[in-house]
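Subject: Structure handover

Hello,

Here is the structure you are taking over. My notes on what was found in it follow below.

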Amino acid sequence: MDTVRVALDWTPNTIHSGLFLAKHKGYYKAEGLEVNLVSPSADEYALTPAKKLALGQADVAIAPSESVISYFIHSEYEKLVAIAAILQQDVSAIVTLSVSGIDSPAQLDNKVYASYNARYEGLILKEMIRNAGGKGEVKEITPPKLGIWDTLITGEADATWVFMPWEGLKAERRGVSLHPFRMDDYQVPYGYSPVLLASYSALSRDKEKLSRFIRATAKGYIEAASNPEEAVDSLQQLSNHPSLQDRDFLLESQRRISSYYLNEKGRFGIMEEQRWERFIDFLFEKGMLEEQAYATMKKETLYTNELLEG
């Protein structure tokens, strides 16, 4: 039995349902795999999933497409490659509380933003502000990751970045109205988020094992898309996480996110070259990528659909 260590990007939630369903129903074992789904809370978020992968502490990691770009630049680490997109569309947004009266990114000038301290996060936010007519002058704070969303409620921050089918739903159920600012609405051609990552060397060294992992994972997400109840059962039973006790919340979150797992042909994980191209072109044009790094990325592979085709 081969082992695959998967570094999750967050505590278990409905974004991960396909992985838990595949494990719960024995799809990984049928492929001769023992898959360990490792929550970042195991090390108190000390290392990002991509860093764990780059250091050899994981075989697969879940991260945004920015992580692939970052590790192309960090020459001291092995390059990473996206092997599947978990979501086909971006379901995230920069949000403010409706009661704040901030109903445009332009109004975030000189306001406080609660950041995850991701490489391009602040730069993307500032570009959104400028595209909305502001100056792009915002103060960033980096609270503990599990407390980032709460900074809006406590008044410590005016805005932060959330997944709408999770924190957005949490706010809705608490009677908290939000103003969401989506990347596409402010001329930011955002990439895929999140994606499954592997290291370049593993694509040749462990290609057959990764193919089996992707095959079982795709089966899990395809079933999760059509059966939210079963997906939630698997997530709750296997993770046994204290944040997953509210079944009604999980079912509603699952229903909202399930439609984004698959493309228009009903396939999981497939990525389009044009979307990757638009994102790195945007980063370069806005001065977020140096010319040499940009030229290298245009020639080399940031992602592959090969394992999915197999």
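N240 counts as exposed, because its relative accessibility is 62% and the cut-off for exposed is over 50%. Bear in mind throughout that this is a predicted model. N240 sits in the loop between α10 and α11. Its phi is positive, about 50°, although N240 is not a glycine.

With a relative accessible area of 63%, N110 is exposed.

The peptide bond from S193 to P194 is cis, and its omega is near -5°.

Next, the helices.

At the start of α11, a side-chain oxygen of D246 comes within 3.3 Å of the backbone nitrogen of D248. Which residues of α11 are buried? They are F249, L250, L251, S253, Q254, I257 and S258. The elements that cover them include α1 (17-24), α7, α9 (207-226) and α10 (228-239).

Helix α7 (residues 164-173) is largely enclosed by the rest of the structure, because seven of its 10 residues are buried. The buried ones are M164, P165, W166, E167, G168, L169 and A171. What do they pack against? Their partners are the strands β5 (92-97), β8 (159-163) and β9 (178-181), together with the helix α11 (247-258). The helix α7 is followed by G175, where phi is positive, near 75°.

Helix α4 is also mostly covered, with eight of its nine residues buried. Those eight are S65, E66, S67, V68, I69, S70, Y71 and F72.

T151 is placed in helix α6 (residues 150-154). Its relative accessibility is 2%, so T151 counts as buried, the cut-off being under 20%. Beyond its neighbours within four places in sequence, T151 is in contact with A114, P143, E156 and A157. T151 and Y113 are 38 residues apart along the chain, and their C-alpha atoms are separated by 9.2 Å.

T304 belongs to the loop between α13 (291-299) and α14 (306-309). Is T304 buried or exposed? It is buried, because its relative accessible area is 13% and buried means under 20%. A polar atom of the T304 side chain lies 3.0 Å from the backbone nitrogen of E306. Not counting residues up to four places away in sequence, T304 touches V81, A82, I83, L203 and M271.

Last, the pockets.

The largest pocket holds about 960 Å³ of space. Its lining consists of 36 residues, and those nearest the centre are D9, P64, Y116, A118 and K145. Which elements each supply at least two residues of that lining? They are α3 (49-54), β3 (60-63), α4 (65-73), β8 and α7. The largest share, four residues, comes from α4. Helix α4 is thus the one noted above with eight of its nine residues buried. By type, the lining of the largest pocket divides into 20 nonpolar, eight polar and eight charged residues.

The second largest pocket has a volume of about 340 Å³. It is lined by 18 residues, of which Q88, Q89, D90, D184 and R275 are the closest to its centre. The lining of the second largest pocket is made up of five nonpolar, five polar and eight charged residues.

Regards

Definitions and conventions
Residues numbered from 1 in each chain as written. Predicted model: local features only at pLDDT ≥ 70, side-chain atom pairs only at ≥ 80, totals over all residues. Heavy atoms only, no water. Buried < 20%, exposed > 50% of the residue type's maximum accessible area, 1.4 Å probe, protein only. Contact = heavy atoms within 4.5 Å. 1 Å grid on protein atoms, 1.4 Å probe; cavity = no way out; pocket = protein on both sides within 12 Å on 5 of 7 lines; lining within 4 Å. Points joined across faces, edges and corners; volume = space filled by probe spheres on them. Nonpolar A, V, L, I, M, F, W, Y, C, P; charged D, E, K, R; others polar. Polar contact = N/O pair within 3.5 Å; in protein donor to acceptor, adjacent residues only side chain to side chain.
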